[in-house]
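We will go from stop to stop, picking a few residues each time.

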Amino acid sequence: MTDKPAVMLLGASELSRELALAFQRLGAQVIAVDRYADAPAHGVADRAIVARMNDSEALIALIETENPRYVVTEAGVVAADALIAVAERGETEVFPTPRSTRLSLDREGLRRLASDELGLPTAPFWFASSPEELAAVAAHAGFPLVVKPIASAPGEGESVLVRDEEIEPAWQRAIVAGRIPHNRVMVESVVEVDVEVTLLTVRTVGPTGPAVHFCEPIGHRLRDGDVLETWQPQPLAPVALDSAKSIAARIVNSLGGRGVFGVELLVRGDEVYFDTVRPRPHDSGLVTLRSQRLSEFELHARAILGLPVDTIMISPAAAEVTYAGAEMKPAAADRLTVLAEALAVAESDVRLFDRPDETEARRRLALALATAPDVIVARDRARRVTGALGLGPETGP
């Protein structure tokens, strides 16, 4: 085997680092691109390039010069028109599809696709272009309401409105936090749910055509604002699981392409509501590093390269991602002492993110992982690992 397919990663974050390794293990050559030097994936890629990914002309010129077989977008902000131009040329495959990349940065476009075109169930939603329009929505829909930027990381710039005097601050918070300048926000009614679920959905294309594969549902919640807790599997009633898979298949097939899609769902009993979709590996799927035979990164790489996939779960597991902003406990003089205490927790693992990561809006500090015979024990173990590392709260509900 002498032909090493070249994969250009647009975005060299911590997650891109894991993806680069997955591609390399399958014999691919990886070119990692980001807007700053020494990004996390630069340290493992075959080639590291610094470039402005939101500059259409510069990005097209770079892709033409490098001529990779695959371009894989991992960054939040990439010139979508450049991706469209490259995809239309037909010599390089682009993943996710340019349409998926654009919609992942456009809550309004994605929600209208899901609700208006595909008829997927969602929480009641509106859009507002001024504080006055936001006030009008509140007068019509009533409180509580959730206000979100049109384009932002999960939780970034979001507010829960419960009274009129909070409207102006919520508007300003959403406008300032958006990744792309927008004088527009999305407003949702608060839906009482039992659990928020990520259904990792892998879309492949084989000799018989497109196919979708589902991982076991992943439950998740953001704890205290700075710790993302996830666990797999999240039990769902049979009716809810069937609905979740139907919703995921419809949105993923509409977006097209190959790879992993993180379909975010709100579940209440047998009712399932579409929330959003991320057309790439994401933090909520990091638990698969220990729970599944193939992690979300390996699944993404295999699907893009046109290789067989499986979504076999090998153990219940839990993970906690701690972000910058978490309350730090006094650091021990010896990091190995801290790691020893954390890894003394049964069936545990740790990832520490020391390299500066300017690609993501929220900087990750650490990832705690744990497996167990059941999810309850796995979640407790992951929480104990986080506590031992001196990050975030040691206990919680």
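A salt bridge here is a side-chain nitrogen of Lys or Arg within 4 Å of a carboxyl oxygen of Asp or Glu. Before selecting anything, note that this is a predicted model, where local features need pLDDT of at least 70 and side-chain atom pairs count only at pLDDT 80 or more, while totals for chains, interfaces and linings use all residues. Residues are numbered from 1 along each chain as its sequence is written, and side-chain values use heavy atoms, with hydrogens and water left out.

**Stop 1: salt bridges**

Select Glu 229 and Arg 383: they form a salt bridge whose closest N and O atoms are 3.2 Å apart. Glu 229 sits in strand β13 (residues 227-232) and Arg 383 in helix α12 (residues 375-388), so this pair ties together parts that are 154 residues apart in sequence. (Helices, H or I of at least four residues, and strands, E of at least two, are DSSP runs numbered from the N terminus.) Both Glu 229 and Arg 383 are buried; buried means under 20% relative accessible area, exposed over 50%, and partly exposed in between, with a 1.4 Å probe and protein chains only.

The structure holds 29 salt bridges.

Next, pick Asp 283 and Arg 364, whose side chains meet in a salt bridge at 2.8 Å, N to O. Asp 283 lies in the loop between β15 (271-278) and α9 (288-291), and Arg 364 in strand β18, so the pair ties together parts 81 residues apart in sequence. Are these two buried or exposed? Asp 283 is buried at 3% relative accessibility, and Arg 364 is buried at 4%.

For a contrast, go to Arg 52 and Asp 55, a salt bridge with closest N and O atoms 3.1 Å apart. Arg 52 is exposed at 56%, and Asp 55 is partly exposed at 23%.

**Stop 2: the core**

Select Leu 9, Phe 23 and Leu 367, which touch the most other members of the largest nonpolar core, a set of 44 residues. Such a core consists of buried Ala, Val, Leu, Ile, Met, Phe, Trp, Tyr and Cys residues joined through side-chain atoms within 4.5 Å. Elements that each supply at least two residues include β1 (6-10), α1 (14-25) and β18. The core draws at least three residues from each of domain 1 (6-95) and domain 3 (195-389), with bounds from an automatic or database domain assignment.
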